[in-house]
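Please examine the structure shown below together with its sequence. The briefing that follows describes a predicted model and is grouped by topic.

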Amino acid sequence: MLRTMLSCLAATLLSASAWAQGSGSPTLDAIRARGSVACGVSGTNPGFAFANSRGEMQGSEADFCRAVAAAALGDARKVRFVTLTSTNRFTALQSGEIDLLVRTATWSLGRETSLGLLFAGITFYDGTAFMVHSSSGVRSAKELDGATICIMPGTTTELAVADYFRRTGMHLTSVLIDNVNELRAAFRNGRCDSYSTDASALASFRYGEGAAADKYTLLPEVISKEPLGPLVRKGDDKWFDIVRWTHFAMLAAEEMELTSATVENALGSTNPDVRRLLGVDGDLGKSMGLDNRWAFDVIRQVGNYAEVWDRTITPLGVPRGANQLWTQGGLQYAPPIR
């Protein structure tokens, strides 16, 4: 009997020891075992996630993947990008093919309650808009009565456009094509009078047209709220925390005027908020199963929110608008990191 009790006690202590050595996050433990973060992106949107001539994934969403890798592994280069379509993006995360989805996905009640996934924040405030051929002379969405609109099926755009035409009493003919390259080709070739998706994605498309960009006009109306953000699977709270607070750390760094170029010197700051953010004081990193310098690694290797915006989104001609910090009249706001 005593031998049995001692064996059970030993097994319990061994199990507790093994648990203590883990991060508390099955996702993070799997990432550390393989040595990289599997991050789902589009791969087709300049400014967000698009492979350059060297095959390197560039853009704000790609950089957010890198920021999470810097937080989780201490190295922003340890990312494996998985290109996904609008159709397979959610199933890839549900099945465990990827650890994180950062692919222009709109946060909505239906998605969060029916997919088994959680949005970890809003990294980009956006909205549905329309693009037309400049030669059409159309200058307002109110002139689109009877128009054919190219739309990706199964997206929030499809519902937003249908609702807008219903509200305004206009007639809509949707052309639904479940391949972004074919969809854009249909618009270029005149099969559709207009192309509708998130305003940022339209700006990205236009930018990618190079010398032909002037052939297309982005109409001024934004007809819906499209808060975009990263997703994780439900049930792994620690991983959710890491992804959410990576975004907040980048916002806090901008607010504190910490950049990739200055953060090294800031380690000697006497500002208590800066010291906590950079892991000089406190154990905030350990509370998430990370090194206390997790945010320092994010800022030094990837940059703050403004740095990422300026190198990826500004070239598209998209103003920050609602994506300004709250101190500048925008909606981006980081809770206290303490």
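Strand 12 provides the largest share of the lining of the largest cavity, namely 4 residues. This strand also belongs to an open sheet of 5 strands, arranged in the order 11-10-12-9-13 with mixed pairing.

**The largest cavity**

- The largest cavity holds about 270 Å³ of space.
- It is lined by 21 residues, and those closest to its centre are Ser-86, Arg-103, Thr-104, Thr-155 and Thr-197.
- At least two lining residues come from each of strand 2 (44-45), helix 6, helix 7 (180-188) and strand 12.
- By class, this lining comprises 10 polar, 6 nonpolar and 5 charged residues.

**The second largest cavity**

- The second largest cavity contains about 190 Å³ of space.
- Its lining consists of 13 residues, with Ser-60, Phe-64, Thr-123, Tyr-305 and Val-308 nearest its centre.
- Helix 3 (60-73), helix 9 (237-255) and helix 12 (305-312) each contribute at least two residues to this lining.
- The lining residues divide into 9 nonpolar, 3 polar and 1 charged.

**The sheet and its helices**

- Strand 11 (173-176) and strand 13 (216-218) are at the edges of the sheet; each has a single partner strand, so one side of each lacks a neighbour in the sheet.
- From one strand to the next, the twist averages 30 degrees.
- Strand 10 (residues 148-151) pairs with strand 11 in the parallel sense over 4 bridges, and Ile-149 stands opposite Ser-174 in strand 11.
- Helix 6 (residues 156-168) packs on the sheet, touching strands 9, 10, 11 and 12, and its direction makes about 80 degrees with that of strand 9.
- Helix 8 (residues 199-208) lies across strands 9, 12 and 13, running at about 125 degrees to strand 12.

Note on methods:
Residues numbered from 1 in each chain as written. Predicted model: local features only at pLDDT ≥ 70, side-chain atom pairs only at ≥ 80, totals over all residues. Heavy atoms only, no water. Pairing = 2+ DSSP bridges. Axes fitted to C-alpha atoms, helices over the stretch in contact; angles between N-to-C directions. Contact = heavy atoms within 4.5 Å. 1 Å grid on protein atoms, 1.4 Å probe; cavity = no way out; pocket = protein on both sides within 12 Å on 5 of 7 lines; lining within 4 Å. Points joined across faces, edges and corners; volume = space filled by probe spheres on them. Nonpolar A, V, L, I, M, F, W, Y, C, P; charged D, E, K, R; others polar.
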